[in-house]
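This briefing is meant to be read with the coordinates open. It is arranged by topic, so that each group of points can be checked in turn.

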Amino acid sequence: MRVLLIRHLPTPGNEKRQYIGRTDEALSLAAVEKFQRQHGAGGKGTAYPPVDWIIASPLKRCVQTAKLIWPGQEIRTEPMLRECDFGQYERKTYEELKNEPEYIEWMESGGMTAFPGGEEQTEFRARCAAGAEKWIGQLFEKRADSVAFVIHGGTIMAVLEQLAEGPREFYRWQAENGGGYIAEADREDWMSGRYVLRNIHRLIP
């Protein structure tokens, strides 16, 4: 099965370089207009291949991106694929946070300490991987050939940290807005409980 992991297009918060996790922002008007200028209505001529199934985070920015790329197709949502809740860091920038002791500690930990008032990293990463595992398994049962997960940057990193064949460092898997990765899942692997994504390469929009 071909598996696409696509990060949503930019939101106003992304354009301001804010931490946007639980905040349910829509895409920025500029991002939508740029996509339509480059690819035309319906996203024709994009780098995104056709897919049988589309699974999105339930947040607006992901559903809206999926509709732009694959207009008219059914989109199913999965709450386990939401972005991390950044707690007190939500909607703040590095410049606003860089001198705060808790933020410095978080940075020095490689992003592994819990966000103040937010989501603990190991729990976030585990739930994202579980969401992807769930859907890939179900789609193998339905004999699907391809699926696109339209999700968040952090979610992509979490999924590939857990499931990628080969290097699994979290920050290795950063993706630009609208970009992501194409991978392959093997039915035999999945049915035998070996949850792994192979032959991963970058998708550039």
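What follows covers the overall fold, the pockets, and a handful of individual residues.

The structure is a predicted model, and its chain comprises eight helices and six strands. In sequence order these elements give the pattern β-α-α-β-α-β-α-α-α-β-α-β-α-β. The radius of gyration is 17 Å, close to the 17 Å that the globule rule gives for 205 residues, so the chain is as compact as a globular protein of that length.

**Overall dimensions and surface**

- Of the 205 residues in the chain, 52% are buried.
- When contacts between residues at least 6 apart in sequence are taken together, 68% of them join residues at least 24 apart.

**The largest pocket**

- The volume of the largest pocket is about 890 Å³, and among the 30 residues that line this pocket, the closest to its centre are Arg7, Gln18, Tyr19, Phe86 and Gln174.
- Two or more lining residues come from each of helix 1 (12–15), helix 5 (101–108), helix 6 (121–141) and helix 7 (153–163).
- By residue class, the lining of the largest pocket divides into 15 nonpolar, nine polar and six charged residues.

**The second largest pocket**

- The second largest pocket holds about 230 Å³ of space, and its lining consists of 13 residues, of which Leu9, Pro10, Lys34, Gln38 and Asn177 lie nearest the centre.
- Helix 2, which runs over residues 29–39, gives the most to the lining of this second pocket, with six residues.
- The lining of the second largest pocket divides into seven nonpolar, four polar and two charged residues.

- Leucine 4 belongs to strand 1, which covers residues 2–7, and with a relative accessible area of 0% it is buried, because the value falls under 20%.
- Once neighbours within four places in sequence are left aside, leucine 4 is in contact with Pro49, Val51, Trp70, Val147, Ala148, Phe149, Tyr181, Ile182 and Leu203.
- Valine 32 stands 28 residues from leucine 4 along the chain, and the C-alpha atoms of these two residues are separated by 21 Å.
- Phenylalanine 115 is placed in the loop between helix 5 and helix 6, and this residue is buried, with a relative accessible area of 4%.
- Not counting residues up to four places away in sequence, phenylalanine 115 touches Cys84, Asp85, Phe86, Tyr89, Trp106 and Gln121; one of these, Phe86, is also listed among the residues closest to the centre of the largest pocket.
- Phenylalanine 115 and glutamine 88 are 27 residues apart in sequence, and the distance between them in space is 7.2 Å, C-alpha to C-alpha.
- Threonine 155 is part of helix 7, and its relative accessible area of 0% makes this residue buried.
- The contacts of threonine 155, leaving aside neighbours within four places in sequence, are with Leu81, Arg82, Glu83, Phe124 and Cys128.

**Residues with positive phi**

- Arginine 91 has a phi near 70°, which is a positive value in a residue other than glycine, and its place is in the loop between strand 3 (76–77) and helix 4 (94–97).
- With a relative accessible area of 35%, arginine 91 counts as partly exposed, because that value lies between the limits of 20% and 50%.
- Asparagine 199 likewise has a positive phi in a residue other than glycine, with a value near 50°, but this residue lies in strand 6, residues 198–203.
- The relative accessibility of asparagine 199 is 48%, so this residue too counts as partly exposed.

Notes. Residues numbered from 1 in each chain as written. Predicted model: local features only at pLDDT ≥ 70, side-chain atom pairs only at ≥ 80, totals over all residues. Heavy atoms only, no water. 1 Å grid on protein atoms, 1.4 Å probe; cavity = no way out; pocket = protein on both sides within 12 Å on 5 of 7 lines; lining within 4 Å. Points joined across faces, edges and corners; volume = space filled by probe spheres on them. Helix = DSSP H or I, 4+ residues; strand = E, 2+ residues; numbered from the N terminus. Nonpolar A, V, L, I, M, F, W, Y, C, P; charged D, E, K, R; others polar. Buried < 20%, exposed > 50% of the residue type's maximum accessible area, 1.4 Å probe, protein only. Contact = heavy atoms within 4.5 Å. Rg over C-alpha atoms; globule rule 2.2 N^0.38 Å.
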